[in-house]
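Please keep the sequence and the model open while reading.

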Amino acid sequence: MSSHLIQNHFTATGIVFNGKNEILMINHKKQRVWLPPGGHIEENELPDEAVLREIFEETGVRAALMPFGHDLSVAQENCRELARPFTILLEDIEKDGCHNHIDLVYLCRALNEDLTPQDAETDGVGWFSCEEIKELNTYENVVKTAAKAQRLWLLARNTT
């Protein structure tokens, strides 16, 4: 593996919860697996803007980012904090180390629950419980990430 052939792309993914604590998933046309909505961060786009754009484009759901982590209160005139991802994953897309996604995964709350799938990239969208996600054709890291996200989501909901 030579370094000039490695492609690292920054992506943003949203673990989006609805009022029933279900998670929004898309059936990804190219990968042929169920995934949370997300995609590449465009040039000059902020990651927390990219995740909300991708969620809406792929599913028709408008979402809000859930606060995660500590507010460092460093904001001033020319400096502000961006929303923190819930986790950051390095995903080896081709399984050869040459095409990687550095995936910033955010916890989100659905502002609407009506689904309008984007036919170009998805073969369907839906709301699923963590138990149902275990039964979907997906990656093990998606199952684990969804379960961890749900624990944090429920904890956050119970403390507010």
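This is a predicted model: local features need pLDDT of at least 70, side-chain atom pairs count only at pLDDT 80 or more; totals for chains, interfaces and linings use all residues.

Residues are numbered from 1 along each chain as its sequence is written, and side-chain values use heavy atoms, with hydrogens and water left out.

Leu107 sits in strand β7, residues 99-110. Strands are DSSP runs of E with at least two residues, helices are runs of H or I with at least four, and both are numbered from the N terminus. Asn18 belongs to the loop between β1 (7-17) and β2 (23-28). Buried means under 20% relative accessible area, exposed over 50%, and partly exposed in between, with a 1.4 Å probe and protein chains only.

| Residue | Relative accessibility | Class |
|---|---|---|
| Leu107 | 6% | buried |
| Asn18 | 3% | buried |

Contact means heavy atoms within 4.5 Å. Leaving out residues up to four places away in sequence, Leu107 touches Ile15, Phe17, Ala64, Leu65, Met66, Phe68, Phe86, Ala149 and Leu152. With the same exclusion, Asn18 touches Ala110, Glu113, Trp127, Trp153 and Arg157.

The Asn18 side chain also makes a polar contact with the side chain of Glu22, at 2.8 Å. It reaches the backbone nitrogen of Lys20 at 2.9 Å. A polar contact is a pair of N or O atoms within 3.5 Å; within protein, one must be able to donate a hydrogen and the other to accept it, and residues adjacent in sequence count only if both atoms are side-chain atoms.

**The largest pocket**

The largest pocket holds about 860 Å³ of space. Of its 34 lining residues, His28, Gln31, Leu35, Ile93 and His101 are the closest to its centre. A pocket is an open set of points on a 1 Å grid over the protein atoms alone, where a 1.4 Å probe fits, with protein on both sides within 12 Å along at least five of seven lines; lining residues have an atom within 4 Å of a point. Grid points are joined across faces, edges and corners, and the volume is the space filled by probe spheres set on the points. Strand β1 gives the largest share of the lining, 5 residues.

**Strands β2 and β8**

Strand β8 spans residues 122-128; 6 of its 7 residues are buried, so it is largely enclosed by the rest of the structure. β2 and β8 run antiparallel and are joined by 5 bridges. Two strands pair if DSSP finds at least two bridges between them. Met25 has Gly126 in β8 as its bridge partner.
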